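Please have the sequence and the model open while reading.

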Amino acid sequence: MATGKLLGLARTILSLPTAPYHEHQVRAAVLSHCRELGRPTQRDPAGNGIVQYRAAGSPKSPLVFVAHKDHPGFEARSATRAQFLGNVPPETLAPGSPLRCYTGNGIVRTRIRRRVTGVDPAVGG
């Protein structure tokens, strides 16, 4: 794959919203790209994406790549409350820290307004 195409694919995948237990958009994009390349895809019972590739006539065992599709993030619990999902020290989630929220209607930028507990900060614009 040409460098420009590879960088474009990386940009697309890395710009998708994701957090623990909310990796579906990244998984869908990766599987879609692999299907476009003619590779068979499937999902296992845990929701992991599986792409099959074997060089024609190769007697070798298949090669397996494993990667995380998420990074620490928030899950909205209401319009003003969010649950933090990820292994980041709570003290790094200081009031005033910027947040980018992905909604069905686009991206909303806001800030942490106040910390209610170490793992459930209140958010608001």
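The notes below are grouped by topic.

The model is predicted: local features need pLDDT of at least 70, side-chain atom pairs count only at pLDDT 80 or more, and totals for chains, interfaces and linings use all residues. Residues are numbered from 1 along each chain as its sequence is written, and side-chain values use heavy atoms, with hydrogens and water left out.

**Second largest pocket**

- The second largest pocket holds about 880 Å³ of space. A pocket is an open set of points on a 1 Å grid over the protein atoms alone, where a 1.4 Å probe fits, with protein on both sides within 12 Å along at least five of seven lines. Grid points are joined across faces, edges and corners, and the volume is the space filled by probe spheres set on them.
- Its lining (residues with an atom within 4 Å of a point) comprises 32 residues, of which Phe74, Glu75, Arg100, Cys101 and Tyr102 are the closest to the centre.
- At least two lining residues come from each of α2 (24-36), β3 (73-76), β4 (82-85), β5 (98-103), β6 (106-114) and β7 (122-124). Helices (H or I, at least four residues) and strands (E, at least two) are DSSP runs numbered from the N terminus.
- Strand β5 contributes the most to this lining, with six residues.
- The lining has 18 nonpolar residues (Ala, Val, Leu, Ile, Met, Phe, Trp, Tyr, Cys and Pro), three charged (Asp, Glu, Lys and Arg) and eleven polar (the others, Gly among them).

**Helix α2**

- Val26, Arg27, Leu31, His33 and Cys34 are the buried residues of α2 (buried is under 20% relative accessible area, exposed over 50%, partly exposed in between; 1.4 Å probe, protein chains only).
- These residues fall within an arc of 155° seen down the axis, so they line one face of the helix; the arc is that of the directions from the axis to the C-beta atoms.
- They pack against α1 (3-14), β1 (41-43) and β2 (49-51).

**Single residues**

- Threonine 18 sits in the loop between α1 and α2 and is buried, at 12% relative accessible area.
- Beyond its neighbours within four places in sequence, threonine 18 is in contact (heavy atoms within 4.5 Å) with Glu23, Val26, Lys69, Asp70 and His71.
- Arginine 100 lies in β5 and is partly exposed, at 48%.
- With the neighbours within four places set aside, arginine 100 contacts Ile107, Val108 and Arg109.
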